[in-house]
Structures are given as structure tokens and as C-alpha cells.
Amino acid sequence: MIATGLMVGGAYSPTDDLQLSAGTLLPIVEDMPFLGLGTAKARLLHAGRFHLAAQGSLTLLAENGATFWGATVGGVATYCLDADCFSHVSGYVAGGFADEDQTAVPFLLAGSAVVRVARRIKLVFEVDTAFIVGDINEYSDAYLGWYGIRFTSAAIGAAPSRWRKALPSGGWWKVTTTSTLGAIHCSSRPGSRARTADGQPT
């Protein structure tokens with residue numbers, strides 16, 4: 001299956017240790033449901049090149065008069081590969097919650113790398129998977145991989161990317177889904193140095 005989407009969003013940082021953001025997927029195809037996403041990230045620790053932040057998100061999906069919301073609460077650990085943290089690797093773990101009866105908690109695991117290749121250009125890589133704890137205990141054997149390129153300025157960025165879903169098949173990993181996603185993101189931060197809540201510069 002091949003799909004395409006365009007996401008727009010914005011972010012505001014009232015302090016160097018807090019970032020608030022919101023985004024939505026533009027309805028570029030007929031009968032596309034509304035998808036809204038809000039996130040908050042707060043830096044908890046800054047020790048040299050190591051940063052630790054708490055992150056929460058709220059997702060709203062609306063289609064044909066019905067609505068569904070889900071939330072995640074977790075943490076992000078980041079290690080900077082250079083003094084200014086333009087390139088870095090991160091690990092993320094979060095628990096998920098929904099508006100329906102829930103007897104098990106899904107957890108998301110993610111690892112990512114951002115590599116600066118020019119003053120305003122970065123390469124982005126990410127791998128995601130999940131597991132469930134509760135009445136159902138199960139670990140996903142599927143992985144979702146992202147890769148893309150990020151163009152940034154002081155207040156706006158664009159990030160065309162592609163993700164691939166891989167499932168095990170006969171001892172090998174088989175790509176079953178490919179999707180292309182474009183993203184446009186605007187940000188506003190007081191002060192002269194623009195950084196995200198976990199210490200990463202824009």
C-alpha cells in the first residue's frame with residue numbers, strides 16, 4: 001500500500017525548558033478524517049551532552065460525527081554528537097491511553113538519529129516498535145522506519161519524509177507499507193538562541 005499526506009504545525013517555547021506544539025494532517029484526499037495532534041515537552045536534565053525530557057501528547061481523530069482521542073506520556077533521552085547538539089541520537093518510551101475501557105497499556109519504543117549535513121539541512125532517521133502490558137502481554141514483531149530530510153530556518157521548517165512498515169516473513173523482513181509525508185512547521189521562541197525543550201537547536 002502507498003499513501004501520501006501533508007502535515008502542518010506550529011510550536012511555541014515560553015522558556016528554554018518547555019515546548020508546546022500542535023499540528024494537523026491536511027485533508028488532501030476526499031473523505032479524509034480530521035487528525036489533530038498536540039504535544040508538550042519539558043526538559044528535566046541537562047548534563048553536558050546528555051539531555052532528558054518528559055513528553056506528553058494528545059491525539060484527536062474525528063470522522064463521520066464520531067470522535068476518538070488518545071494520549072501518550074513518556075520520556076526522551078538525547079545524546080548530542082557535537083557541542084551545539086546539531087547532530088544527536090535519541091531514545092523514546094511512552095505509555096498510551098485512550099477514551100475507551102482499557103485493561104492493557106500499550107507502550108511505544110523509538111530510536112532516532114539526526115545528522116546535520118549543512119547549516120540549514122539535516123538528515124533524519126527513526127525506527128519505532130511497541131509492546132503491551134496488562135490483561136494482554138505481547139511484543140510487536142513489526143517495525144516502522146522513517147527517513148527524511150529537514151530544511152530549517154530561524155522560524156520555519158519543512159521535512160519531506162517516507163516511512164516503511166516491515167513485518168517478518170520466512171526469517172526475513174518484508175516491507176508491507178510505504179508512505180510519503182510532507183511536513184511544514186513554524187516555531188516561535190523568546191530569546192536569541194532557539195532550542196527545543198530537550199536542548200536541541202532548531
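A residue counts as exposed when its relative accessible area is over 50%, as buried when that area is under 20%, and as partly exposed in between. Keep these words in mind for the close-up views below, which come from a predicted model.

**Figure 1. An exposed asparagine sits in a loop between two strands.** Let us begin with asparagine 64, found in the loop that lies between E4 and E5. Its relative accessible area is 76%, so asparagine 64 is exposed. In sequence, asparagine 64 and phenylalanine 34 are 30 residues apart, while in space their C-alpha atoms are 9.8 Å apart.

**Figure 2. The protein is built from strands.** Stepping back for a moment, you can count 13 strands and zero helices in the protein. Read from the N terminus on, the elements run β-β-β-β-β-β-β-β-β-β-β-β-β. Of the 202 residues in the protein, 27% are buried.

**Figure 3. Strands E5, E6 and E7 pair in the antiparallel sense.** Strand E6 (residues 88–98) pairs with E5 over eleven bridges, in the antiparallel sense. On E6, serine 90 is the bridge partner of threonine 78. Eight bridges join E6 to E7, and these two strands also run antiparallel. Here you can find valine 89 standing opposite alanine 113 in E7.

**Figure 4. Two phenylalanine rings form a stacked pair.** The structure holds one aromatic pair. The ring centres of phenylalanine 107 and phenylalanine 131 are 5.1 Å apart and the ring planes meet at 10°, so the pair is stacked; planes count as stacked when they are under 30 degrees apart. This pair links distant parts of the chain, with phenylalanine 107 in strand E7 (residues 104–118) and phenylalanine 131 in strand E8 (residues 121–134), 24 residues apart.

**Figure 5. A charged arginine end sits over a phenylalanine ring.** Here, find arginine 116 and phenylalanine 86. The charged end of arginine 116 lies over the ring of phenylalanine 86, at 3.9 Å from the ring centre.

**Figure 6. Arginine 43 and aspartate 17 form a salt bridge.** Side chains of opposite charge can pair when their charged atoms come close. The structure holds one salt bridge. It joins arginine 43 to aspartate 17, and their closest N and O atoms are 2.6 Å apart. Distant parts of the chain are linked in this way: arginine 43 belongs to strand E3, whereas aspartate 17 is in the loop between strand E1 (2–15) and strand E2 (18–25), and the two are 26 residues apart. With a relative accessible area of 37%, aspartate 17 is partly exposed.

**Figure 7. Seven side chains make a nonpolar patch on the surface.** Which residues form this nonpolar patch? They are Leu44, Leu45, Phe50, Leu52, Tyr79, Leu81 and Val89, and together they have about 590 Å² of accessible area. Strand E3 (34–47) and strand E4 (50–63) are the elements that give two or more residues to the patch.

Definitions and conventions: Residues are numbered from 1 along each chain as its sequence is written. This is a predicted model: local features need pLDDT of at least 70, side-chain atom pairs count only at pLDDT 80 or more; totals for chains, interfaces and linings use all residues. Side-chain values use heavy atoms; hydrogens and water are left out. Rings of Phe, Tyr and Trp (its six-membered ring) pair if their centres lie within 6.5 Å; planes under 30 degrees apart count as stacked, over 60 as edge-to-face and the rest as tilted. Helices (H or I, at least four residues) and strands (E, at least two) are DSSP runs, numbered from the N terminus. A charge sits over a ring if NZ of Lys or CZ of Arg is within 6 Å of the ring centre and within 35 degrees of the ring normal. Patches are made of residues with over 30% relative accessible area and no salt bridge: like charges are joined within 9 Å, nonpolar side chains (Val, Leu, Ile, Met, Phe, Trp, Tyr) within 5 Å. Accessible areas come from the Shrake-Rupley method with a 1.4 Å probe; for residues, only the protein chains shown count as cover. A salt bridge is a side-chain nitrogen of Lys or Arg within 4 Å of a carboxyl oxygen of Asp or Glu. Two strands pair if DSSP finds at least two bridges between them. Buried means under 20% relative accessible area, exposed over 50%, partly exposed in between (1.4 Å probe, protein chains only).
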